[in-house]
Amino acid sequence: MIMAINSRTVRIFFRAALLLLLLSCARHPAPGNPAAEVEAQYLATLRAISEGQYPRAVQLCKDIISREPGFFRAYARLADAAAAGDALDPAIAYLDSLRGDPQRSGYAHYGLGVAYDALGEHEAAALHFQHAIEQVPQLSDAYGYKGLVDSRLRLEQPEAALDFFRERLAADPDNANLQYGIGYTYRKMKQYPEALEALERSLRLDQNLWQAYRSIGLIHFFQGDYRRALDFWTDEERLDDRSGNIEARAQVIGNIGAALLMLGEYPRALLYSRQALKIDRQTGNQAGAEKRLSNIGSIYLDLGDYPQAVEYYREALALAERLEDRERQAANLLNLGIAAFYEEAYPEMHASWEAALALYRELDDIESRIMTLSNMAYTDDMAGEYSRAAERLEEALTLADTVQNPGVLGDLRNNRGSVNLHRGMLRVAMADYETGLAIGRQVEEPQIIWEAYGGIGDVLAARGEDQNALASYKRAIETIEQVRETLGGAEFKSGYLKNKIHLYEKTIRLQIKLHGQMPGRGFDREAFHYAERAKARAFLDILTEANADIHEGVSEELRKKEAAIYETIAALRDDYAGAEDSAQRQELESQLQQARRELAALKAEMRLKNPRYADLKYPQPAGVEAVQTDLLDDQTTLLSYVLGDSSSYLFAVTPDDFRIYALPPRREINESVTLFRSMLLHPGQFSFKMFASRANKLYRMLIEPAEALIGPRNELVIAPDGILHYLPFDVLITEKVQQQLSFTADFDYDLPYLIKDKALSYGPSATVLLSLRQPREAETAPGMFLGYGDPVFGNDPTAEGTNGDDEVRGAVADELMLRYVTGAPDLRSFRSQIYRLPNTRTEVEGISQSFGENETRVFTGSAASEENVKDNPALGDYRYVHFATHGLINERKPAYSGLVMTLDDDRREDGFLQMGEIFNLRLHAQLVVLSACQTGLGQIVRGEGVIGLTRAFMYAGAPEVLVTLWNVADASTARFMQQFYHHLLSDRQGHRQALRKTKLEMLKAGQYAHPFYWAPFSLVGMGR
């Protein structure tokens, strides 16, 4: 319910926030398009205004008017620039002088109308607009009619505008423009039935009247009928394509983006919004750019990418403050508060919402006040402040009576349903949710619909009507997944479910409860299926796309654009490396951020325009039978975890059995795992007694419930959830340790670690593991081992590194790490501060000797470069691909994560193999080994798992990846890896068993007995 109400609130509020954009004038050229050079000069005028060069803008407008008398936009921009530059008197004198010119007189009146409006002399403005329309009837295509109506409305004289149109209509009843003027006036008066009647009549008279399509679309948008608004704006877009007017183009595609956002069609919404933003920046339209930025922020908010949303909202807020636009400042403050709510930054949330509400009260913006109050009420509800929540909602509902937007009421009724449910008023809550559902269906808003179904399920569950509640939860999930299916790539899907997972958890909990009441009815197997539906779905989809080789369907034109952007990014990184001052670096970082956004926009466009996507069939989440038949053998047990707010569950599957076990809630598990990880990461800081106790407690919590089912089977496949992705299960202790053990016995081989009995591997979900087992084309790689180690970081490639275990494969200067976590664009600026790892050369060269002649290829020193990875035609020819170097992991922005390769002065590459670049590799390896720090970490997304390097290499073609869960020591890791490959080749029992034997050997070696040295190595995936 959280995402529903707050995200919905953003989008409902966004109707108000969009108002100025949607009503702003789309100035089409008069009949007969002006020459391209005049358009270019006009574009220069717009940029001059945006940059504050008002005298220059005035002169440019005069030049345009002298060359092209009918280019009416120049008259309006001249008045705008003069008003901004406090030079209206000479501008009015100039326009007055043109009234004697028959070619320019009507347009001069038009410009004078704009000028007098800026002066606040609205009566004079209205008269000038009337003269303009009388002399140049086609000015109805622009500010003529709009200016007249707006001036009369400011004078509170709407009837005067209507009389003007009616008088002329009496003499010319088939004049489509006059019908439009009447419709526009009624729309501004919010008398929508009368407005629609006149506007539809205008279209019957002239099917090419673009402004009628826009106004009808606006009315439907304000009334919550986004699908019809989209239809009319799509027709308008077709007319705009013919007009060639860049400003009009930006506005109509921006409006289409807003409608698509409301309909939950996020990929297309993002594409249209970014296209509009690009034009706004090209024309210097800062007000338009601010709205697009905020719009894009709302898309990312709905998709669950809160850091990205915050970036866009903050940029939009800065623009709104620069423009002194208080309404837009409030809009972005409201949205930033919602993002803060989801990131649990509650002080920032309260501050943003209080500031927004104060502005809305000053502005008398009723609809935005409603939605801000709704947000506040919801957080009050979550905090148990039910009375205060109810008070805010009643205030909002009272205000809602004045708003002709059913979507607002739908949200409020869902929100009030939640409060009434928590107050125990079940009958009233049900009525609220049912009303919300009816409205959601009426306006076709999926978010209102699934919120309402979820709320109805909550009420039914509270009544004890479990089966009916389950049916309602399922309908909510069906609605969510219908939207999800339209989202396209993983960048849209990966965060979409995370604030809706609570519905899956409620469904699973209810199914397990019903299984206990009615065993044998299949509720337990259905619960497993829903658990799979809630896990790593975006990962599953990108694996499907990888198997289909989707990138091959991209057009040559888009490929060239992509290559050009990559070249721009490389050049900017190179410039950054040579930048001499912080101001220059800050500007380059800004350019880099923009280039990355352009790249993201292009990739979205590639996906939408790639015909192969239409033919893709994404796999359905697996059931118990498929796991038993196609994933497990006689020696293997699957343990799949689902962590929930009130309770968690373990699904244990063997080839011939299936059980579900209840576990403690997420919070308790999180606390235990977090403390235990601290013990693993900091040897010597915790007592052995505490370590052994915690390791055994976690075993009893997570494994022991299924101990009897597992029995003597010696291999476990773990599908973690949440923080369990960061827990090495093999270090758990299976029995209580005798407290009299001396400290000298700490962590030795005699301890009953789980690894002594079981070989373990991990996977995001059972369905993903099944997908990884599917063969790809060119499955067999002829070579055996391809290794990269000991890259050159400093300026002196012969510099000696530090021996021993003091160095870890991720140890870099504090300054670099500080820069890196904020997205430092180029590591070469810090290469003298990145420590060499000499044991990585020993590692890869020693491993290569385990294979036969001509079966290996090793790149060390300066040859361990990014180019020799990305441009290596033989990359796909090896079964084992091994990287031994520094790893840098950015858990907040996983796209910045990667492996540090040789840092040289080659402009083509920056020496940092990042996640996005790994996705573009093409491997046929059985196993990729990332012998670097923290390579198994990333961003943990609820319902999706870890987004990081592992999934990038799996997408590139590796069914299994060996990663690390914390910083690993250099010398011990080199030894570990050589032993691993030795067992892999000599024992031939598979990757899981080879890893287990290597860990047991490390345990026996006294100096490396502490789990810090052997436990971080984790095998993720499933071999084919």
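**Exercise 1.** In this predicted model, decide how far helix α40 (residues 839-848) is enclosed by the rest of the structure.

*Solution.* Begin by going through the helix for residues that count as buried, that is, those under 20% relative accessible area; in α40 these are Asn839, Thr840, Glu843, Val844, Gly846, Ile847 and Ser848. Next, compare this list with the length of the helix: seven of the ten residues of α40 are buried, so the helix is largely enclosed by the rest of the structure. Finally, look for what surrounds the helix, and you will find that its buried residues pack against the strands β6 (783-791), β7 (856-861), β8 (878-884) and β12 (927-931), and also against helix α44 (970-987).

**Exercise 2.** Work out how helix α12 (residues 192-205) and helix α13 (residues 210-222) are arranged relative to each other.

*Solution.* First take the axes, which come within 9 Å and cross at roughly 150 degrees. Because angles over 145 degrees count as roughly antiparallel, α12 and α13 are roughly antiparallel to each other. The crossing of the two helices is left-handed. Then turn to the residues that make the contact, which include Leu196, Leu199 and Leu203 of α12 and Ile216, Ile219 and Phe222 of α13.

**Exercise 3.** Find which residues have the most contacts inside the largest nonpolar core.

*Solution.* The core has 300 residues, and those with the most contacts inside it are Leu702, Phe729 and Phe883. Helix α19 (residues 326-342) gives the most to this core, with ten residues. To follow one case, trace Phe883, which touches, among others, Tyr788, Val869, Leu899 and Phe953.

Terms used:
Residues numbered from 1 in each chain as written. Predicted model: local features only at pLDDT ≥ 70, side-chain atom pairs only at ≥ 80, totals over all residues. Heavy atoms only, no water. Core = buried A, V, L, I, M, F, W, Y, C linked by side-chain atoms within 4.5 Å. Buried < 20%, exposed > 50% of the residue type's maximum accessible area, 1.4 Å probe, protein only. Helix = DSSP H or I, 4+ residues; strand = E, 2+ residues; numbered from the N terminus. Contact = heavy atoms within 4.5 Å. Axes fitted to C-alpha atoms, helices over the stretch in contact; angles between N-to-C directions. Parallel < 35°, antiparallel > 145°, perpendicular 65-115°, else oblique. Left-handed = near helix turned anticlockwise from the far one by under 90°. Lists of a residue's contacts leave out its neighbours within four places in sequence.
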